[in-house]
Amino acid sequence: MSEWKAICQVSDIPTLGARRVQRAAGPQVALFRTADDRVFALLDRCPHKAGQLSQGLVHGTAVTCPLHGWNIALDTGRAHAPDEGATPAFSVKVDNGTVYLDNQELTSLAIDPVDSGCGGACVCSH
Ligand code: FES
């Protein structure tokens, strides 16, 4: 059963922007807010070369990485074709304007950078 951890208010995330969430261990998580106030969470690491997705542009339900322009789906973390790869997506719950993340995922998902989606096969910094 999920143990939800309150992170912030939806209004704390800029519309079409992102807010970073620090974890006790592992790379940070990025919360994204769409134009229609939906919230998604991805590891803040592009599956291409580890760009910070939180610095990218949100459009529809995707974010464009600021480094080389890959488009990453906010719901799955998958790169839009023809690019390939994925960054881990985190479960999000919004209740009465408060954004929650799954505490178990925060403490265990993609703690080891090798799990960040590239499988260690890319040329990113880890
Ligand atoms: S690091 Fe994101 S597109 Fe290259």
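I began with contacts between residues at least 6 apart in sequence, and found that 48% of them join residues at least 24 apart. A reminder to myself: this is a predicted model.

**Overall layout**

Next I looked up the secondary structure and noted ten strands and one helix in the chain. Reading along the sequence, I wrote down the pattern β-β-β-β-β-β-β-β-β-β-α. I also checked burial, and 35% of the chain's 126 residues count as buried.

**The nonpolar core**

I then turned to the largest nonpolar core, which has 29 residues. Which of its members touch the most others? My list reads Ala30, Leu31, Phe32, Ala41, Leu42 and Ile72. Strands E3 (29–33), E4 (39–43), E6 (62–64) and E10 (98–102) are the elements that give two or more residues to this core. Of these I marked E4, which gives the most, with five residues.

**A stop at aspartate 83**

Where does aspartate 83 lie? I found it in the loop between strand E7 (71–73) and strand E8 (89–90).

Last, I checked aspartate 83 against proline 47: they are 36 residues apart in sequence, and their C-alpha atoms are 9.7 Å apart in space.

Terms used. Residues are numbered from 1 along each chain as its sequence is written. This is a predicted model: local features need pLDDT of at least 70, side-chain atom pairs count only at pLDDT 80 or more; totals for chains, interfaces and linings use all residues. A nonpolar core is a set of buried Ala, Val, Leu, Ile, Met, Phe, Trp, Tyr and Cys residues joined through C-beta atoms within 7 Å. A residue is buried if 20 or more other C-beta atoms lie within 10 Å of its own, exposed if 12 or fewer, and partly exposed in between; C-beta atoms are placed from the backbone. Helices (H or I, at least four residues) and strands (E, at least two) are DSSP runs, numbered from the N terminus. Two residues are in contact if their C-beta atoms, placed from the backbone, lie within 7 Å.
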